[in-house]
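Subject: Handing over a structure

Hi there,

Here is the structure I promised to pass on to you. Have a look at it first, and then read on for my notes.

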Amino acid sequence: MKSNLISKSETSALLKTVSEEWGIEFPKIKNLKVHQILDDAQIITGNGIKILKINDDYLPFLSETETLEKFPSVTVDMGAVKFMCKGANLMRPGIKSFTEFEKDKLVCIVEESQHKFLAVGKSVVSSEELEKMDKGEVLKNLHYISDKFWETGKTIYD
């Protein structure tokens with residue numbers, strides 16, 4: 001795995017993009033490191049931040065609880081957990097509760113008993129549409145516990 005520091009201008013451009021996409025303000029961070037894990041995937045780390053970049057999508061890394069808590073979330077029943085951890089997309093029947101979100105936004109998936117973050121997905125419907133659904137796909141699973149990024153991410157420390 002190749003790792004390198006990125007320049008100040010690249011860092012500020014990246015943080016600006018991520019802030020806009022996520023709707024979260026980041027403090028100024030110096031010395032962001034990019035870890036190339038696959039041709040199309042990188043883990044970006046810095047002081048108090050860990051971002052997963054897959055193709056052109058920036059995702060909050062699942063170990064970053066403070067960041068994840070700023071996103072809308074969906075709570076799933078225990079029956080959905082093993083499917084989430086294998087990368088399955090989230091279907092309506094497994095959902096216990098949810099906060100408000102728009103279509104095509106990042107949403108965190110949380111399990112009901114320990115309230116642990118299991119996955120980050122992109123919504124295929126809005127929370128308004130979700131309320132009216134009995135079945136069907138709700139989130140595309142993009143990053144989940146035990147995926148290759150999770151395993152690699154555990155080996156990266158600043």
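Predicted model: local features only at pLDDT ≥ 70, side-chain atom pairs only at ≥ 80, totals over all residues.

**The chain as a whole**

The secondary structure consists of five helices and eleven strands. Along the principal axes, the C-alpha atoms fill a box of roughly 50 × 30 × 25 Å. Of the 158 residues in the chain, 47% are buried. Among contacts with a separation of 6 or more, 55% are between residues 24 or more positions apart.

As for the surface, the chain exposes about 9,000 Å², and carbon and sulfur atoms supply 48% of that area. There are 22 positive and 25 negative side chains, and the centres of these two sets lie 4 Å apart.

**Salt bridges**

Side chains of opposite charge can pair when their charged atoms come close. How many salt bridges does the chain have? The count comes to four, and here are some of them.

- Lys 16 and Glu 20 meet through their side chains, with 3.1 Å from N to O. Both residues lie in helix 1 (residues 8–22), four residues apart, which is about one turn of the helix.
- Lys 140 pairs with Glu 137, and their closest N and O atoms are 2.9 Å apart.
- Lys 154 and Glu 151 form a salt bridge at 3.4 Å, N to O. Lys 154 is partly exposed because its relative accessible area is 42%. Glu 151 is partly exposed as well, with a value of 39%.

Val 120 sits in strand 10 (residues 117–123). Is Val 120 buried or exposed? Its relative accessibility is 0%, so Val 120 counts as buried. Leaving aside residues up to four places away in sequence, Val 120 touches Leu 59, Pro 60, Leu 62, Leu 68, Leu 106, Val 107, Lys 140, Asn 141, Leu 142 and His 143. Lys 140 in that list is the salt-bridge partner of Glu 137. One of the other contacts, Leu 59, is 61 residues from Val 120 in sequence, yet their C-alpha atoms are 7.4 Å apart in space.

Phe 71 belongs to the loop between helix 2 (65–68) and strand 6 (73–76). With a relative accessible area of 8%, Phe 71 falls under the 20% cut-off and is therefore buried. Which residues does Phe 71 touch, not counting those up to four places away in sequence? They are Trp 22, Ile 24, Pro 60, Leu 106 and Cys 108.

**Some loop residues**

Most residues other than glycine have a negative phi.

Asn 31 has a phi near 55°, a positive value. Asn 31 is placed in the loop between helix 1 and strand 2 (33–38). At 58% relative accessibility, Asn 31 is over the 50% cut-off and so counts as exposed.

Asn 55 has a positive phi as well, near 50°. This residue lies in the loop between strand 4 (49–54) and strand 5 (57–60). Asn 55 counts as partly exposed because its relative accessibility is 49%.

Finally, Ser 7 is found in the loop between strand 1 (2–5) and helix 1. Its relative accessible area is 33%, so Ser 7 is partly exposed. Where Ser 7 and Leu 32 are concerned, the two are 25 residues apart along the chain, and their C-alpha atoms are separated by 8.1 Å.

That is everything I wanted to pass on. Enjoy looking through it!

Best wishes

How values were computed
Residues numbered from 1 in each chain as written. Heavy atoms only, no water. Helix = DSSP H or I, 4+ residues; strand = E, 2+ residues; numbered from the N terminus. Buried < 20%, exposed > 50% of the residue type's maximum accessible area, 1.4 Å probe, protein only. Contact = heavy atoms within 4.5 Å. Areas by Shrake-Rupley, 256 points an atom, 1.4 Å probe, with all protein chains shown as cover. Lys, Arg positive; Asp, Glu negative; His and termini not counted. Charge placed at Lys NZ, Arg CZ, Asp CG, Glu CD.
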